[in-house]
There are 2 protein chains.
Amino acid sequence: MIDQLEMMNKQSFVEFIKMHSPATNDVIEEIVTKFQTHKVEKDSFFLKQGELSDVYLFLESGIMRSYTFDMDGNEITTNFFKPNSVVFEVASFFNRSKSLESIQALTDCYGYSIRYLELNELFHSIPEFREFGRSLLVKGYVALKQRTLSVIHETAEERYIQLLESNEAIFQHASLKSIASYLGITDTSLSRIRSNFYKK
Amino acid sequence: MIDQLEMMNKQSFVEFIKMHSPATNDVIEEIVTKFQTHKVEKDSFFLKQGELSDVYLFLESGIMRSYTFDMDGNEITTNFFKPNSVVFEVASFFNRSKSLESIQALTDCYGYSIRYLELNELFHSIPEFREFGRSLLVKGYVALKQRTLSVIHETAEERYIQLLESNEAIFQHASLKSIASYLGITDTSLSRIRSNFYKK
DNA sequence: ATGATTTCTTGTCATTTGGCAAGTTGAATT
DNA sequence: AATTCAACTTGCCAAATGACAAGAAATCAT
């Protein structure tokens, strides 16, 4: 069986860095050499609750899901990760603390990864690359803010449609229950919203 | 009338930086000299929607509120700011774009501020201070994540009690309506939750 | 103080969502 | 193909919250 890892060339990653950093092509080439190809098999864990989120992964292909548990023990999906994004748990990674979340691959996932210390070394030695780190953090922050507002001021149906339109691929791999908990409703309600939606 | 600005000595700000940066006392002293004392009068705006969030303010005393409008034109409180925190609009400040939010003082506010360019200069020239910037961004991110989860999986009453316990001072200065929109409910509902709460 | 204005409370009823349980579907295992 | 199991749907009723409107309370300007 052919190992897809061998066919990866980091081109998508180079493009991604270009979008978020003023670094020259040469510097970007140097940066990406520090990253390792990384595979996470379907259903296996990229990060488990209680562990340290020490790996910073650029996801080139595949879908992942992060989740935690509320006080009643219910599983809550906190995020879905799609290609061309970065996967790690912010609080654990930067504060060097145990993660409250797990991150699991919903499909076979491929990407490029680096550990905390090496990444920090890059940030330290390459000023233009610091902009990359900050930009992604800000981007995540803004997206989260948007999500918070949408949870507060839109109906579950509106949120469902929005997720569906922006993230079609998620629906092919995530269970209804995990999508429901991401949207902040029960699987029962999501099932109703969905059936009602198709009637229209 | 005595101007409170003259009595400020940045001691609380020095302590705050110590908590978030490994910089030595001497370096911290150097950092704080770059900040100006800053007053925002009750009811006046620290930032108006459409402007650039260019000022990074450490709030020493006073309360502020940020808000925006949803698609139906309803005012939505996005955050409350209390002393010993930093006030600015992340997306606008870092992306150098127009702010979608306004930030208004609910009481007379005093603190220390610096502009984007000077702050970046500090980040560039003082590596230990970069840790401060990142730490606060991460802290805000984590708090926002927590808030998102609480909106999704706690009842309005639970959120109300939590806000009340953690932020007593807000309730002395914010209107019921602005608190309600922060909690994601109508002012009517908050009024009921409140009256029901006191009955218990 | 007076009246005007805003803020807050309360009543009534509609809508959304949840909880539970019974069914249905579909995929995996043998 | 039969069995089993998990995922999803649907019905019924309860709880939470919203919409609207009327009234009470607090605040503000004169």
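User: What makes S2(A) and strand S7 of chain A a pair, and which way do they run?

Analyst: The model is a predicted one. Two bridges join S2(A) to S7(A), residues 102–105. Pairing requires at least two bridges between the strands, so S2(A) and S7(A) count as paired. The two strands run antiparallel. Within this pair, Leu47(A) stands opposite Ile103(A) in S7(A).

User: Which strands form the open sheet of chain A, and in what order?

Analyst: The sheet has four strands in the order S2-S7-S4-S5, with antiparallel pairing.

User: Why are S2 and S5 of chain A called edge strands?

Analyst: Strand S2 (45–47) and strand S5 (75–81) of chain A each pair on one side only. From one strand to the next, the twist averages 30°.

User: How do you know that helix H8 of chain A packs on the sheet, and what angle does its direction make with that of S5(A)?

Analyst: H8(A), residues 176–183, touches strand S4 (64–69) and S5 of chain A. Contact requires C-beta atoms within 7 Å, so this touching is a matter of residue pairs that meet the cut-off. The direction of H8(A) makes about 90° with that of S5(A).

User: How many residues does each chain bring to the contact between chains A and B?

Analyst: Chain B contributes 23 residues and chain A contributes 23 residues. On the side of chain B that touches chain A, helix H3 (90–95) and helix H5 (127–153) of chain B each supply at least two residues. H5(B) gives the most to that side, with 15 residues. By class, that side of chain B divides into 13 nonpolar, six polar and four charged residues.

User: What makes a residue count as near DNA strand C, and which residues are the closest?

Analyst: The C-beta atom must lie within 6 Å of the strand. On that basis 16 residues surround DNA strand C, the closest being Ala156(A), Ile185(A), Ser189(A), Leu176(B) and Ser191(B). Two or more residues come from each of H6 (156–166) and H9 (187–199) of chain A, and H8 (176–183) and H9 (187–199) of chain B. H9(B) gives the most, with six residues.

User: Which residues are closest to DNA strand D, and which element gives the most to the surface near it?

Analyst: 16 residues surround DNA strand D, and the closest are Leu176(A), Ser191(A), Ala156(B), Ile185(B) and Ser189(B). H9(A) gives the most to this surface, with six residues. By class, the surface near DNA strand D has three nonpolar, eight polar and five charged residues.

Conventions. Residues numbered from 1 in each chain as written. Chains lettered and ligands numbered in written order. Predicted model: local features only at pLDDT ≥ 70, side-chain atom pairs only at ≥ 80, totals over all residues. Axes fitted to C-alpha atoms, helices over the stretch in contact; angles between N-to-C directions. Contact = placed C-beta atoms within 7 Å. Nonpolar A, V, L, I, M, F, W, Y, C, P; charged D, E, K, R; others polar.
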